[in-house]
Each structure stands twice: as C-alpha cells, then as structure tokens.
Amino acid sequence: SPKQSYFNGILNSIISIGRADAFIIAMSNVIQCLTIDRLHIIGDIFDRGPGPHFIFDTLAQYKMYDIQWGNHDILWMGAAAGNLASIANVIRVSARYDNLDVLEDGYGINLLPLARFAMEVYENSPCKPYQPKVMQNSGVTERDVLLMAQMHKAISVIQFKIEGQMIKRHPEYKMEGRALLEKIDYEKGTIEIDGEHYPLKDADFPTVDPRDPYKLTPGEDQLIRTLQASFLNSDKLQKHIRLLFSKGSMYLIVNSNLMYHASIPMTDEGEFKTVIVDGKPYSGRGLLDKLDRLTREAYFGGNGAKSQQMALDYMWYLWCGPESPFFDKAKMATLERYLIEDKKTHHEEKGAYYKHLDDTKMCCMILSAFGLDPEKSHIISGHVPVKTCKGESPIKAGGKLLMIDGGFSKAYHSETGIAGYTLIYNSHGLQLVQHEPFESAVKAVEEGQDIISTKVIVEATTDRITVRDTTIGKELQVQIDDLKNLLAAYRSGQIKERK
C-alpha cells in the first residue's frame, strides 16, 4: 500500500545514513516513557555493581522517579559529606568487590596516594585475607590482585582505627564491643571475641601501636585527609549525591504502598522499638522522619557546626549501627570475616523486625502507623536478597509485605538464582516480575534471553483501578475542586474580573 511504501522509505533512509541504532534506541525510550508512569527504586544503587555512575547519569535524564535510600546509598552519602569512617568503608567495599574503577574512572577519586602508601607499608605483609572478589573473565592480572589486596588491607586498617575513634567519641552508640583493635594480642596473633580467643589469619599490623591502637600514623592521617578532599571535590559524585537527596527519602507512600529499603527497629514482642537519637526518643514513623532530617543536615548543614558534626557522625552509625533501620543487626562483622577462620564469629544476628516478617499483625501495625489502611495496603522493601533458588518467596505475611531484592547485581546471581525483581502496579493490581540473568548481547538478540521473565500475580483487583484511585489522581481531584470553587466564586461575583 502507499502508506507502507511511505514507512519503508523512511526506514530505508534511516538505515542508509547509518542511524538505525540511534532510531531504535530513541523509539525504545519513547515506548518506555509511555509505558512507565513513575519508577520507584527501593535503594542500594551503589557498591556491588561496576556502574553506579552510569545509572545516575541515566536517571538524571528522567523526570518521574524516586529513590528510597538503601544502606549502601547512605554509606556513599556520608562519604560525600566528608565522614572519614564512611569514606574508608566506601573504598574498602570497592576494593573487596574489584570496583575501584568506579572511584577512579567514574568519580575521579585519586587512589594513587593509597596505592603508593599500601605498596610502601604492606610490601612484605601477608595480604591474602584481603584479596578482592574478582569476577570470572574480568581480565585482572595476578599483579593487579596483589596491589588491590595491599590497598584493601591499608584502607581496612585505617577503617578499623577511625571506627574505634568514633565508638570512643560516642558512647551513646553502645558499640564498645566493636572496638576490636584493643582486643588483639599482637605478640600471640590472637583476638578475644565474647570471651573466647581466636587465632588471626593475618596478625601483621605495622601501623598499629598496641598502647594506642586507634591512633592513625602521620602517613595514614595524611592519606585519609587527601582522600577526603577528593570525595568533597568530586563534582560528579556531589552531583549524584544531590540527586539522591532531591529524589530520595527514607520512605515513600504512593498508591497505598509504603516503600522503604530495609526495616523499622522493633522489639522482640513485635512493637516499635524506641531509639535515642541526639538525646531524644523516637520510634516507628517518627524515627524515620527524624533520620531523614538528620541525613539532610549532615550534608547541607543549617543548624550550626556542632549540630552538623553530630549528624555527620551519625551517618556512619546509620551504615552499621545496631538500631539503624538501614542495618538492624547486632554487629557488622567485617574484621571477623576477614581475619578469623571460625565462622561462628561471622554471624550477624538480625534485629527483631526480620523475625516478624511473616507476622501479619506487625505489618498491619506498621501500615496503620503510616496512615494507611492495612486491608488495602502493602509494605514494599528490599535489602535482604531473596534466595529463590532455595525456595524462598518474596511475598511475606500473606501478601502484606513484598521483599523485592532478587539480586540485580551479578555478584548476587549465584546467591539468589535470579537477576532481580520488578514490581509492577497498574490498573489490574500488583504483578511481580522475576528476571533471568543477562549473559551476553548475542544471546539477547538470538535467543531473547534478556527478556525472559516470570510474572506472578500478587494481587488482582475485581474492578480496574482508575486514575481517580491513585495518589496522583487524588491530587488532581483537589486541583479540580479548587478550580470549580474558583469558577463558582467568579460567577457569583465574589471574584472580580481583571481588565
């Protein structure tokens, strides 16, 4: 037909001038924008995958999206604000997962001072416990692994020292048991944990003074200050972190769905736990609201230097503190995992919230506290990878809670057995989509493996959901009512016409 010839002519022209790929990408973006009204990201953009900077660059081009901060996001937010303990943790985690390129190439963080320091101080030191987790076919050489291990050890020791200083400075954190460098017998090469003594896999600490184990050497102090300056002066990092603040929050309520990344501190009885923050008690929704404000103060300031420093220190606590809703475990066993063979010391006891995940009563209590109808609402969270390969379900408490962390990052594929979840909310209800791992572009094209997914109907509505029923619909209805009242006031003469 003439119309088909017209379309073929356009397509042939696009192909002949070499713009076919660009045309396909542009059309795909149009379809995506028309299909997806709003994108909700339930946290943890940073740390495991090799391209968080690419993700943020892509998100910066979008308009309708939001982010509920994850524990790894909070860690980077603290580092971007200048918290030394957070900076040390960011670099350590990047070294552990062979992601230093994110810092160097992605954000322009100069790691040459760390490499120089590590090669000088740990040249003859055993660094095997600090070897990075390198993916297969990554192209990393044995020499690269050695250097990364040395850098990994250097920043880990600095982290242990700075965290010890933080714990001593803030007894209200009640983390004295995590100040571990003082529990090491440097002559015997052992450490005391909960009254038991364990041999260390690496007891060589050339920069640690047993009489004052948390004091940084002049070289370590200069190094961490240099790294701090790099974080503070990275324009791209600061741009992305500001995006996290402008588009992100501790939690979000949309369309009767309560979204947050990890947990809300609870008691063993399933009630909200009272947490002391800056000398005052908070719990439940009030706690999350307080921490949202505190996080912004740490980065932007506004209430004085002393208040901002308190908030900045608390950013580190949010990453690994026992009563942090981002962490919610008894301890973060970093040193034990690195240096102690006995795996019972590696255990990180989860908070009471995780013991009640299937408790409908707890979920209904949480939903009510956030002003939602427990009969019609859901909690949507992530944080804990759902081990689908072991038969675990992301649907908890009879559908009241949906834990949709299926491990998008390749580092988690073997643990979860899949490559992540996407939860879709549309006029028909809720659908959970389970994704298969992406292997290669060739298989994606030839076998369609990138689009293989499994849909599970979580909740289907009897009557189709309309725009009027959504959060945006309610806002539009308020505007409509206001406009009608304005029109009525004009017609009755209460508002005069402007000439």
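Okay, let's begin with strand β2, residues 65-68, which runs parallel to β6 and is joined to it by 2 bridges. One thing before I go on: this is a predicted model. Back to that pair of strands: if you find Ile67, you'll see Gly248 of β6 standing opposite.

β2 belongs to an open sheet of 3 strands, in the order β1-β2-β6, with parallel pairing. At the edges are β1 (39-41) and β6 (248-249), each pairing on one side only. If sheets are new to you, strands pair through backbone hydrogen bonds, and they can do that either parallel or antiparallel.

While we're around here, have a look at Tyr65. The charged end of Lys247 sits over the ring of Tyr65, 5.0 Å from the ring's centre.

That brings me to rings. How many aromatic pairs does a search of the whole structure find? It finds 17. Take Tyr130 and Tyr338: the ring centres are 5.4 Å apart and the planes are at 85°, which is over 60, so we call this pair edge-to-face. I like this one, as it links distant parts of the chain: Tyr130 is in the loop between α7 (112-121) and α8, Tyr338 is in helix α13, and they are 208 residues apart. Both Tyr130 and Tyr338 are buried.

Compare Tyr173 and Trp316. Their ring centres are 6.3 Å apart with planes at 40°, so that pair is tilted. It also links distant parts of the chain, 143 residues apart, with Tyr173 in the loop between α8 and β3 (184-185) and Trp316 in helix α12. Tyr173 and Trp316 are buried too. And there's a cluster, where ring pairs link Phe46, Phe56, Trp76 and Tyr107.

Last topic: empty space. Rolling a probe the size of a water molecule over the atoms shows where it is left. Here the search finds 2 cavities of 30 Å³ or more. The largest cavity holds about 220 Å³ of space. It is lined by 20 residues, and the closest to its centre are Phe160, Glu163, Arg178, Leu180 and Met332.

Which helix gives the largest share of that lining? It's α8, with 5 residues. By class, the lining has 14 nonpolar, 3 polar and 3 charged residues.

The second largest cavity is about 60 Å³. Its lining includes Trp69, Met250 and Phe326, and the residues divide into 7 nonpolar and 2 polar, with no charged ones.

That's my tour, thanks!

Methods:
Residues are numbered from 1 along each chain as its sequence is written. This is a predicted model: local features need pLDDT of at least 70, side-chain atom pairs count only at pLDDT 80 or more; totals for chains, interfaces and linings use all residues. Side-chain values use heavy atoms; hydrogens and water are left out. On a 1 Å grid over the protein atoms alone, a cavity is a set of points where a 1.4 Å probe fits but cannot get out, and a pocket is an open set with protein on both sides within 12 Å along at least five of seven lines; lining residues have an atom within 4 Å of a point. Grid points are joined across faces, edges and corners, and a volume is the space filled by probe spheres set on the points. Helices (H or I, at least four residues) and strands (E, at least two) are DSSP runs, numbered from the N terminus. Ala, Val, Leu, Ile, Met, Phe, Trp, Tyr, Cys and Pro count as nonpolar, Asp, Glu, Lys and Arg as charged, and the others, Gly among them, as polar. Two strands pair if DSSP finds at least two bridges between them. Rings of Phe, Tyr and Trp (its six-membered ring) pair if their centres lie within 6.5 Å; planes under 30 degrees apart count as stacked, over 60 as edge-to-face and the rest as tilted. Buried means under 20% relative accessible area, exposed over 50%, partly exposed in between (1.4 Å probe, protein chains only). A charge sits over a ring if NZ of Lys or CZ of Arg is within 6 Å of the ring centre and within 35 degrees of the ring normal.
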